[in-house]
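Hi there,

Here is the model I promised to pass on to you. Please open it next to this email, and my notes follow below.

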Amino acid sequence: MDEVSVQKLYKYYETINDFNRLRILVCLTKGDYTKEEIATILNMKPIVVYTHLNYLVAKKIVSAYVIKEETEDADAECIYVLTNREIKKILISDAKHINKI
(Lines give C-alpha, C1' and ligand atoms only; values in the text may rest on other atoms or scores of the structure.)
Protein backbone atom coordinates (compact mmCIF):
# COMPACT_ATOMS: atom_id res chain seq x y z
CA MET A 1 0.00 0.00 0.00
CA ASP A 2 1.42 3.38 -0.96
CA GLU A 3 1.71 6.41 1.32
CA VAL A 4 -1.29 8.21 -0.23
CA SER A 5 -3.52 5.19 0.39
CA VAL A 6 -2.33 4.94 3.99
CA GLN A 7 -3.10 8.64 4.47
CA LYS A 8 -6.63 8.19 3.06
CA LEU A 9 -7.19 5.16 5.27
CA TYR A 10 -6.03 7.13 8.30
CA LYS A 11 -8.42 9.99 7.47
CA TYR A 12 -11.30 7.53 7.08
CA TYR A 13 -10.67 5.91 10.46
CA GLU A 14 -10.09 9.29 12.08
CA THR A 15 -13.51 10.41 10.80
CA ILE A 16 -15.37 7.39 12.18
CA ASN A 17 -13.41 7.37 15.46
CA ASP A 18 -16.43 8.28 17.55
CA PHE A 19 -18.90 5.77 18.97
CA ASN A 20 -22.02 7.76 18.02
CA ARG A 21 -20.75 8.58 14.53
CA LEU A 22 -20.04 4.92 13.95
CA ARG A 23 -23.53 3.99 15.19
CA ILE A 24 -25.04 6.51 12.76
CA LEU A 25 -22.98 5.16 9.86
CA VAL A 26 -23.97 1.58 10.65
CA CYS A 27 -27.61 2.71 10.79
CA LEU A 28 -27.23 4.27 7.33
CA THR A 29 -25.94 0.96 5.93
CA LYS A 30 -29.50 -0.29 6.46
CA GLY A 31 -31.27 2.58 4.71
CA ASP A 32 -31.67 6.30 4.18
CA TYR A 33 -33.18 8.23 7.08
CA THR A 34 -33.98 11.67 8.45
CA LYS A 35 -32.18 12.84 11.59
CA GLU A 36 -35.35 12.22 13.60
CA GLU A 37 -35.60 8.65 12.33
CA ILE A 38 -31.95 7.99 13.15
CA ALA A 39 -32.43 9.49 16.61
CA THR A 40 -35.41 7.20 17.23
CA ILE A 41 -33.69 4.08 15.89
CA LEU A 42 -30.54 4.70 17.95
CA ASN A 43 -32.31 6.18 20.99
CA MET A 44 -30.25 9.37 20.74
CA LYS A 45 -31.14 13.05 21.04
CA PRO A 46 -31.87 14.59 17.61
CA ILE A 47 -29.42 17.45 18.24
CA VAL A 48 -26.59 14.96 18.88
CA VAL A 49 -27.48 13.06 15.70
CA TYR A 50 -27.67 16.35 13.77
CA THR A 51 -24.23 17.44 15.00
CA HIS A 52 -22.63 14.17 13.93
CA LEU A 53 -24.46 14.16 10.60
CA ASN A 54 -23.17 17.65 9.84
CA TYR A 55 -19.63 16.46 10.54
CA LEU A 56 -20.07 13.40 8.32
CA VAL A 57 -21.56 15.52 5.52
CA ALA A 58 -18.60 17.93 5.77
CA LYS A 59 -16.24 14.93 5.48
CA LYS A 60 -18.21 13.73 2.41
CA ILE A 61 -19.01 10.34 3.94
CA VAL A 62 -22.72 11.14 4.18
CA SER A 63 -24.88 13.19 1.80
CA ALA A 64 -27.94 15.21 2.79
CA TYR A 65 -30.89 15.75 0.44
CA VAL A 66 -33.60 18.28 1.27
CA ILE A 67 -37.01 16.63 1.24
CA LYS A 68 -38.93 19.51 2.83
CA GLU A 69 -37.93 23.16 2.49
CA GLU A 70 -37.43 25.43 5.48
CA THR A 71 -40.41 27.53 6.53
CA GLU A 72 -40.91 30.29 9.09
CA ASP A 73 -42.08 27.68 11.59
CA ALA A 74 -39.76 24.77 10.85
CA ASP A 75 -36.25 23.91 9.72
CA ALA A 76 -35.66 22.15 6.44
CA GLU A 77 -35.96 18.37 6.61
CA CYS A 78 -33.25 16.26 5.00
CA ILE A 79 -32.77 12.62 4.26
CA TYR A 80 -29.27 11.30 4.90
CA VAL A 81 -27.52 8.66 2.81
CA LEU A 82 -24.06 7.15 2.66
CA THR A 83 -22.15 9.00 -0.04
CA ASN A 84 -21.08 5.89 -1.91
CA ARG A 85 -21.57 2.13 -1.84
CA GLU A 86 -17.92 1.49 -1.02
CA ILE A 87 -18.33 3.02 2.43
CA LYS A 88 -21.21 0.64 3.11
CA LYS A 89 -19.08 -2.31 1.95
CA ILE A 90 -16.16 -1.22 4.15
CA LEU A 91 -18.34 -0.86 7.25
CA ILE A 92 -19.99 -4.24 6.72
CA SER A 93 -16.63 -5.88 5.98
CA ASP A 94 -15.04 -4.31 9.07
CA ALA A 95 -17.89 -5.59 11.23
CA LYS A 96 -17.52 -9.14 9.86
CA HIS A 97 -13.77 -9.15 10.42
CA ILE A 98 -13.92 -7.67 13.92
CA ASN A 99 -16.32 -10.42 14.95
CA LYS A 100 -13.68 -13.00 14.00
CA ILE A 101 -11.08 -11.51 16.34
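The crossing of H3 and H4 is right-handed, where a crossing counts as left-handed if the near helix is turned anticlockwise from the far one by less than a right angle, and as right-handed if clockwise. Two packed helices are described by the angle between their axes and the distance between the axes. For helix H3 (residues 35-42) and helix H4 (residues 46-58) the angle is about 115° and the axes are 9 Å apart. Those axes are lines fitted to C-alpha atoms, for helices over the stretch in contact, and angles run from 0 to 180 degrees between N-to-C directions. On the H3 side, Lys35, Ile38 and Ala39 meet Pro46, Val49, Tyr50 and Leu53 of H4; contact here means heavy atoms within 4.5 Å.

A word on what you are looking at: this is a predicted model, in which local features need pLDDT of at least 70 and side-chain atom pairs count only at pLDDT 80 or more, while totals for chains, interfaces and linings use all residues. Residues are numbered from 1 along each chain as its sequence is written, and side-chain values use heavy atoms, with hydrogens and water left out.

Now the overall picture. The protein chain has five helices and two strands, in the order α-α-α-α-β-β-α from the N terminus. Helices (H or I, at least four residues) and strands (E, at least two) are DSSP runs, numbered from the N terminus. The C-alpha trace spans about 50 × 30 × 20 Å along its principal axes. Of the 101 residues in the chain, 30% are buried; buried means under 20% relative accessible area, exposed over 50%, and partly exposed in between (1.4 Å probe, protein chains only). Among contacts between residues at least 6 apart in sequence, 45% join residues at least 24 apart.

Some loop residues are worth a look. Which residues does Thr34 touch, not counting those up to four places away in sequence? They are Ile67, Glu77, Cys78, Ile79 and Tyr80. Thr34 sits in the loop between H2 and H3 and is buried, with a relative accessible area of 6%. Beyond four places in sequence, Ile67 touches Thr34, Glu77, Cys78 and Ile79. From Ile67 to Leu42 there are 25 residues in sequence and 22 Å in space, C-alpha to C-alpha.

Ile16 lies in the loop between helix H1 (3-15) and helix H2 (19-28). Ile16 is buried, with a relative accessible area of 9%, and it touches Leu22 and Leu25, leaving aside residues up to four places away in sequence. Ile16 and Ile61 are 45 residues apart in sequence but 9.5 Å apart in space, C-alpha to C-alpha.

Finally, the backbone. Most residues other than glycine have a negative phi. Asn43, in the loop between H3 and H4, has a positive phi of about 55° although it is not a glycine. Asn43 counts as exposed, at 74% relative accessibility. Lys60 also has a positive phi, near 65°; this residue is found in the loop between H4 and strand E1 (62-68) and is exposed, with a relative accessible area of 63%.

Best wishes
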